[in-house]
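The sequence and model are shown first.

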Amino acid sequence: MNILILTDKYFPTPLANSICAQNIADAFINSGHNVDILAYRDSGIIGKKSYNGCNVTYITPDLRTRLFYYSKNFPNGRFSKIAESVAKLFNRAKKFIMLPLFPMYSFYFPLRIYQRIIKMHIKRKYDLIVSVFTPFDSAVAGYWFKKRYPKIKWCLYSLDTFINQRYSFLNKKGNTNNYWLPKFLDKCDLFIYMRSRKKEYADSYFDKWRYKIKCSDIPLMINDPIEMPPACLNEVEQWVYAGSLGPPHYITDDLIEIFMGLKDGKKRELHFYSYGDSCEKLKTIKASAQSKVICHPYIAHDKLMIIYKNADVLVSMKYSDQISAKIFEYMTYGKKIVHISGCNSDPDVHYLLKYAKGIVLEPYKYSKDKCIKILLGKLYNFAEKETDLSYFKMNRPEYTADVILNCSK
């Protein structure tokens, strides 16, 4: 079977959804299928023409996206802050103009993706198209392609929610619907949503599409991480956080206060691998934190995997009801995970309580002193036995790949 996967910012500096897409692609290839990737051209980064057996084609995204990528890739660049500010201005202005069609940002870019898919299909004769949502542009391009080629299977792989978080008044039927989702559901052969969003699709409104709506989960738990040097033995305990920072999802205040409050005499460093204004603000903490808090720029994913393997503790946080992909990648390495949960609706908690080496701290419920006491009571008391990951079978890429392939027969 010839398969085309549509995604956005790709390797060597991919966004989380592209990492998920690649894991699914790897599972397809291991099953004997041919996979092409259509990804967004990065800003200032040379993309790979092939990766893990996939042929990779790039399309230049809209100016807003290119500016965001530039500011992400080069946070200390001369024009980085200007690029980010201009991108945000474009984003707000265009979203306001296109508000009734949210999250559509433009007609032109998804049209270019659609036209590129047609050219690739004429050459490769695809049996299956998989649109990763987000980005929205790839979803709508897949929708247009399916309308033109109804016999070719189309899967909409929804790693993110369709509920309009910012403009809830645009949603219908109690936040279960928007302008685009019913159109996509009518045309697609398969719609996959994440297990943490099961309630979103439990409404009877979705019953007429129930036969094509399937549940899976974030596919970041791989059986064997890429071959890497053996883990280092650290004289200073290494805590690592990697990913986005800033409200509303990732607020560092509680984490910093708890980390700095660990007065058990053990030497520790808290490393952040991130980008943007929130990361820049963290650098001002370094002096008062006696160099215990260290900020690093965004790095290539393969290098980040080595850092995960060499870490003593991996750190996550969540202050909203949106799932974090990174926790599943963390679990792959069997490391201790300290999670700061900032709200009652945090979906990460459910998963981390199922993980034998997960520690969940809830500073919105308890004082910082109590959180510190809980942390020290658990941090060095894990049994040194193999972690049971049977609950996370849906987080294996092979699971999602099988769901897609079974519906494509």
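The sections below cover the basis of the model, a sheet with its covering helices, and a helix pair.

## Basis of the model

The model is predicted; local features need pLDDT of at least 70, side-chain atom pairs count only at pLDDT 80 or more, and totals for chains, interfaces and linings use all residues. Residues are numbered from 1 along each chain as its sequence is written, and side-chain values use heavy atoms, leaving out hydrogens and water.

## The sheet and its helices

Six strands, paired in parallel, make up an open sheet with the order S11-S10-S9-S12-S13-S14. Strands (E, at least two residues) and helices (H or I, at least four) are DSSP runs numbered from the N terminus, and two strands pair if DSSP finds at least two bridges between them. S11 (293-296) and S14 (358-361) are the edge strands, each with a single partner, so one side of each has no neighbour in the sheet. From one strand to the next, the twist averages 25°.

Strand S10 (residues 268-273) is joined to S11 by four bridges, and Leu270 stands opposite Val293 in S11. Helix H10 (residues 301-310) lies across S9, S10 and S12, at about 145° to S9; angles run from 0 to 180 degrees between N-to-C directions, with axes fitted to C-alpha atoms, for helices over the stretch in contact.

## The pair H1 and H14

Helices H1 (residues 16-30) and H14 (residues 397-406) pack at about 65°, their axes 8 Å apart. They are therefore roughly perpendicular, a term for angles of 65 to 115 degrees. Contact (heavy atoms within 4.5 Å) involves Asn23, Ile24, Ala27 and Phe28 of H1, and residues of H14 including Pro397 and Leu405.

Key: Angles under 35 degrees count as roughly parallel, over 145 as roughly antiparallel, 65 to 115 as roughly perpendicular and the rest as oblique.
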